[in-house]
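Please open the structure in your viewer and keep the selection panel at hand.

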Amino acid sequence: MYAVRMLIAFAGTAFIPYLLGQQLLTIPLTLGVIAAALSDIDDRFSIHLRNLFFTYFGFFVTASAVELLFPHPILFGFALIVSCFSLILLGSLGKRYATISYGCLVISVYTMLGVDIFSEWWQQPALLVTGAVWYGLLSSISFLIFPVRLVQDQLVQCYQLVGNFLFVKSNLFDVDMTPKSYQQSMIDLSLANSKVVGKFNETRVALVTRLKGDRGRKDTRRSLQYYFIIQDIHERADSAHIDYQKLAKVFSHRDVLFRFQRILTLQGKACQDLANAVANRQPYVHNPRFAYAFKNLERSIQHLQDELADQSKPGENGELAQKPTNHLLANDADIDLWINALRGLSDNLKEIDAQLHNLESDQALNRKSQDDASKENLLRDDGLRGWQDIWQRMKQNLSPESSLFRHATRLSILLLISHILVQVFDFEYGYWILLTVLFVSQPNFNATKRRLRLRIIGTLAGITIGTFVIHFVPSIEGQLFIMVLSGVFFLQLRAQQYAQATMFITLLALINFHLADPELNAAIPRAIYTFVGCFIAWLGVMFIWPDWQFRRLPLVINKAFNSQCNYLTEVVKQYHEGRNHGLDYRIVRRRAHIMDADLASTISTLATEPDIDQNQKQQAFKLLSLNHTLLSYIAALGAHREQIKHPQVLEILDEALDDIHGALLRDEMPQLKSHAAIQALRLFNRAQDTSLDPAESVVLQQIALIINILPEISTLKQNLSYEHDPQASALGSI
């Protein structure tokens, strides 16, 4: 539907001026459509109309300012740097403002490209806004016809990404796992998790905006329940009940690992099947093979339990009845721990299966009990709440410690330098340099470097194809048709395939300018100005307040561990008071996953930066792996949380929480009280020939897993945090 909408939009801006005999109008009208599409924001209809008004107003003011100030280079340069800095800083108020501000920056450079085309200052701004209005009209019609389509698309991507997450998680049950492959699998899992969390955030924002103006719309409520269900599936999928590396060693020659891996793979496929069902508005059919798979898994676990029990029984002479088939099993003091962990993992997978199998009935139950469970159906609204909130958000970014502040400063300086070059050397259409700088400059080195390479490749490909089209497609109608398709493909591919998108926008630009002036050969200037713009952007990201990720690493690590501890604190609280899936719990859980994703992004970006110490790089990836392992252990506690009454278990939980806070937040590694308490409780139960119930066993197992990785996490954190002075590294250099 988006492609059809864009096809109509570009066809209108291309063929209407042609039919009117005003081919020159195609340039500003088409650029107005592109800028409006880049500024398009999903929202409920009333806010959608308000966004359009702000967009049109911003476009006209920005374009008019360029037209009026352009004859005065010094004043124009001053206005350029101030407006660029201010517009980027507006992004601190939220995605809506960041998107509209970026559109205004794009429209300002587009205006510079055509500043000499029209005689009156108001003509080009009016035409650019007309193109934007034409796109806005089509988007509004599409919104009215398909009011929840974009939310459904977001949900489809959520289920697809969680399905991929389950596929990646299944690699942890590989019987041929090595320490190196295990760490790589954990890194892959953390990166896959960061994609899931990012999409969850986008979907939550889309749902919040819809729910504000909801009047009981069935599709909106249905989408909300799908969102809650995929969140619960993700929490259970991300939870870990066991050390997978040790698991692969202990049970490398048994079929239980294969059966876990098989079920995870089937559930990943089920999530993607469900995504297709949502996309096509069809009922989801649960795979009947799950029942057979779980039955065989239960048989494998029971067979394993019986086998280990027989091996641990003493014979007549007091020795073991038979030699254990695996010495690691014989060395384990308590075989029940392994069996309980396997059963906990099995139960978790069964809960995922139940969520998928009973999706529609769960929705019906949730809708029926909506009034009773209203607290669990709330979503946090991160929107602005008045002028005080606006000032606080702006104030947070009015500092060199803010990456947004540094990016705004860097880009403003680069645009000013580009403007000075164009003025000094009097480049014709030299403002393509500014356009290149604007599009390729990103807040960090890795993203900018990647865009530089793709921009150059795409531009050269576009110039080659464009030259061919201009010479071998002589008809105006044929060139207009290719231009329309180029615009559609550019907007379709800009997010995922930047090189191809650049190729199509280059092709569109060449045809556009050729139709306006057949004598103009824009191919060579386009190539030269793209190279110059890329070089300027590279200099900026290297030397103007370079946002090296290794300088941010200590801060990101501290934020990640803070969020992990807050998540664990909320989980422990519910073991005391009872399960509550309300807003507070979901906020701290989301925050923990967001910071885990931020740490993954920071470390993966850090690995591409020049002159990075290899030892530091290895330690960073090791920390990333352990941080996600910690999050998975906490998620398992969260997935099974319910009120428990055993006073000693509750005391161990509290002691463990204090130990974990001390190790992660205060860099303490004292004698771990919780570890000793767990051992004492197990010895006492063994002496009394008693056992804990399954919920209490899960708690002790998860706490023991967390305690076991604390020393290594704490050591890595201190090594990475104190290699650089946090205060100095936050500021960088200019």
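Two rings of Phe, Tyr or Trp (its six-membered ring) are taken as a pair if their centres lie within 6.5 Å. By this rule, 24 aromatic pairs are counted in this predicted model.

**First stop.** Please select F200 and Y227. Their ring centres are 6.1 Å apart and their planes stand at 80 degrees, so the pair is edge-to-face, the term for planes over 60 degrees apart. F200 belongs to helix α8 (residues 179-212) and Y227 to helix α9 (residues 218-238), so the pair ties together parts that are 27 residues apart in sequence. Are these residues buried or exposed? F200 is buried, at 6% relative accessible area, and Y227 is buried as well, at 0% relative accessibility.

**Second stop.** Next, select F405 and W545. This aromatic pair is edge-to-face, with 5.9 Å from centre to centre and 70 degrees between the planes. The pair links distant parts of the chain, 140 residues apart: F405 is in helix α17 (residues 403-425), and W545 is in the loop between α22 and α23 (549-577). F405 is buried, with a relative accessible area of 15%; W545 counts as buried at 13%.

**Third stop.** Select F53, F54 and F57, which form one aromatic cluster.

**Last stop.** D517 counts as partly exposed, because its relative accessibility is 34%.

Conventions
Residues are numbered from 1 along each chain as its sequence is written. This is a predicted model: local features need pLDDT of at least 70, side-chain atom pairs count only at pLDDT 80 or more; totals for chains, interfaces and linings use all residues. Side-chain values use heavy atoms; hydrogens and water are left out. Buried means under 20% relative accessible area, exposed over 50%, partly exposed in between (1.4 Å probe, protein chains only). Rings of Phe, Tyr and Trp (its six-membered ring) pair if their centres lie within 6.5 Å; planes under 30 degrees apart count as stacked, over 60 as edge-to-face and the rest as tilted. Helices (H or I, at least four residues) and strands (E, at least two) are DSSP runs, numbered from the N terminus.
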